[in-house]
Amino acid sequence: MVESNQASAMVVVWLLRAGWIAATLPIVIASVPSSKFSAFHDLVLWFGRRGKTMESSSKKLSVPQKLFCHFYILAVIWTTFLLVATWLYAYKTAPIVSEPVLYSSIASQLTGVSHELSVHKSHLSLRGYKYGIWKSVFLLFLMETQVLRRLFEGIYVFKYSPSARMHIVGYLTGLFFYTAAPLSLCSTYALEVFEFVTNMSAEFVVKGKDRMQVTEYDLWGHLNPLIHLKWYVWIGAAFFSWGWIHQRRCHAILGSLRENNQKVNDYTIPHGDWFEYVSSPHYLAEIVMYGGLVIASGFSDITVWLLFGFVVANLSFTAAETHRWYIRKFDSYPRNRCAIIPFVY
């Protein structure tokens with residue numbers, strides 16, 4: 001049974017990895033600076049155009065750009081579910097406690113050194129398993145802070161032009177991203193978490209609320225394991241927070257450019273914060289945030305690496321097109337600005 005569950009969990013992990021590779025590879029190929037790929041480049045660009053970069057003649061198979069809010073509504077609901085479910089699962093089944101030192105000494109005296117080594121090995125394996133679950137909880141918590149802010153900005157900060165559109169492929173890609181990204185942060189334990197939630201729900205239906213076992217809420221018990229996460233998790237959180245703060249600032253700048261609703265179809269050159277260095281600093285900030293997730297994961301989760309690779313490829317490709325649009329649109333556009341990486345690209 002255990003081996004079956006492990007095999008099913010690996011299927012989920014590999015499906016996610018295959019999804020990220022399939023989504024990233026076309027963008028990487030389209031980014032190759034060769035005339036052989038120019039037609040493919042234009043095709044990918046056509047799928048990804050939205051808002052100001054979408055020409056009026058290429059709005060077939062498009063939807064209003066204000067549907068961006070769908071991404072964040074989905075993201076908030078899905079990420080919140082994963083966070084609460086994984087956090088509850090971790091609290092109920094994987095409390096991080098120090099094992100009594102006396103146990104190993106007694107075991108070695110009674111059963112020999114070989115048993116002591118096996119107990120030590122299984123102990124380390126169990127501790128690593130528990131730690132991985134709590135690390136997933138922390139990564140989901142960081143993602144939750146991101147999607148909640150993006151939903152708020154989608155409703156209150158951005159004022160999309162009524163004529164702004166995005167290609168249906170870009171819309172579907174956004175839905176895929178905000179489904180797969182949170183799941184990638186806890187993919188190793190996802191099936192176990194779903195099984196745990198299903199069993200709890202079934203128990204609730206069978207026994208009813210009055211007959212369910214009532215346990216006193218322990219706030220410290222829910223938070224204490226997070227405090228004991230390793231140093232690299234907190235460095236990753238610091239990078240994530242740095243990008244989070246700058247993306248909020250850059251989005252506020254973009255939103256302020258359209259405070260006058262009578263000029264929603266006009267575009268002006270944004271200034272301030274990272275806009276002084278690159279044309280798409282909000283994309284740069286997002287890359288910094290997902291880089292923070294890679295650091296917080298301990299650099300060891302391939303699925304998180306592939307998620308980060310998609311973010312870098314997708315946003316760099318889009319930023320390059322946005323940069324070219326700014327240069328074509330404004331004769332006075334600052335020539336010292338790069339597309340997305342200061343002083344480099």
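These are my notebook entries on one predicted protein model.

**Ground rules**

I number residues from 1 along each chain as its sequence is written.

**Entry 1: confidence**

I looked up pLDDT, the predictor's confidence in each residue, from 0 to 100. The chain averages 84, and 81% of its residues reach 70 or more. By element, helix 10 has the highest mean, 98. Helix 4 (residues 101-111) has the lowest, 36. Over residues 97-121 pLDDT stays under 50. For that stretch I find 8 contacts beyond four places in sequence. Contact here means heavy atoms within 4.5 Å.

**Entry 2: layout**

I took helices (H or I, at least four residues) and strands (E, at least two) as DSSP runs, numbered from the N terminus. The chain has 11 helices and 2 strands. Their order along the sequence is α-α-β-α-α-α-β-α-α-α-α-α-α. Of contacts with a separation of 6 or more, 84% join residues 24 or more positions apart.

**Entry 3: burial and surface**

I class a residue by relative accessible area: buried under 20%, exposed over 50%, partly exposed in between (1.4 Å probe, protein chains only). Of the 345 residues, 44% are buried. I get an accessible surface of about 18,900 Å² for the chain. Carbon and sulfur atoms hold 66% of that surface. Areas come from the Shrake-Rupley method with a 1.4 Å probe; for residues, only the protein chains shown count as cover.

**Entry 4: cores**

I then searched for nonpolar cores (buried Ala, Val, Leu, Ile, Met, Phe, Trp, Tyr and Cys residues joined through side-chain atoms within 4.5 Å). The largest has 78 residues. Trp134, Phe177, Leu185, Tyr290, Leu293 and Leu307 have the most contacts inside it. A second, separate core has 5 residues, including Ile269, Tyr326, Phe330 and Tyr333.

**Entry 5: salt bridges**

How many salt bridges are there? I count 6, each a side-chain nitrogen of Lys or Arg within 4 Å of a carboxyl oxygen of Asp or Glu.

I checked glutamate 286 and arginine 150 next. Their closest N and O atoms are 3.3 Å apart. Glutamate 286 sits in helix 10 (residues 281-296) and arginine 150 in helix 5 (residues 113-156), so this pair ties together parts 136 residues apart in sequence. Both glutamate 286 and arginine 150 are buried. I also see a salt-bridge network that links Arg149, Arg150, Glu153 and Glu286.

Arginine 249 and aspartate 273 form another salt bridge, at 3.6 Å from N to O. Arginine 249 is in helix 9 (residues 231-256), and aspartate 273 is in the loop between helix 9 and helix 10, 24 residues apart. Arginine 249 is partly exposed at 38%.

Glutamate 321 pairs with arginine 328 at 3.8 Å between the closest N and O atoms. Arginine 328 is exposed at 52%.

**Entry 6: backbone**

Most residues other than glycine have a negative phi. I noted residues with a positive phi. Aspartate 273 has a phi of about 50° and is not a glycine. Aspartate 273 is partly exposed at 24%. Phenylalanine 299, also not a glycine, has a phi of about 65°. Phenylalanine 299 lies in the loop between helix 10 and helix 11. Its relative accessible area is 49%, so I log phenylalanine 299 as partly exposed.

**Entry 7: threonine 188**

Where is threonine 188? I find it in the loop between helix 6 (168-184) and helix 7 (190-207). Threonine 188 is partly exposed at 41%. Its C-alpha is 7.2 Å from that of methionine 10, across 178 residues of sequence. Beyond neighbours within four places, threonine 188 is in contact with Ala9 and Val13.

**Entry 8: nonpolar patch**

Last, I looked at a nonpolar surface patch of about 570 Å². Tyr277, Ile341, Phe343, Val344 and Tyr345 make it. Patch residues have over 30% relative accessible area and no salt bridge; like charges are joined within 9 Å, nonpolar side chains (Val, Leu, Ile, Met, Phe, Trp, Tyr) within 5 Å. Phenylalanine 343 follows helix 11 (302-329). Phenylalanine 343 is exposed, at 70%.

Methods. This is a predicted model: local features need pLDDT of at least 70, side-chain atom pairs count only at pLDDT 80 or more; totals for chains, interfaces and linings use all residues. Side-chain values use heavy atoms; hydrogens and water are left out.
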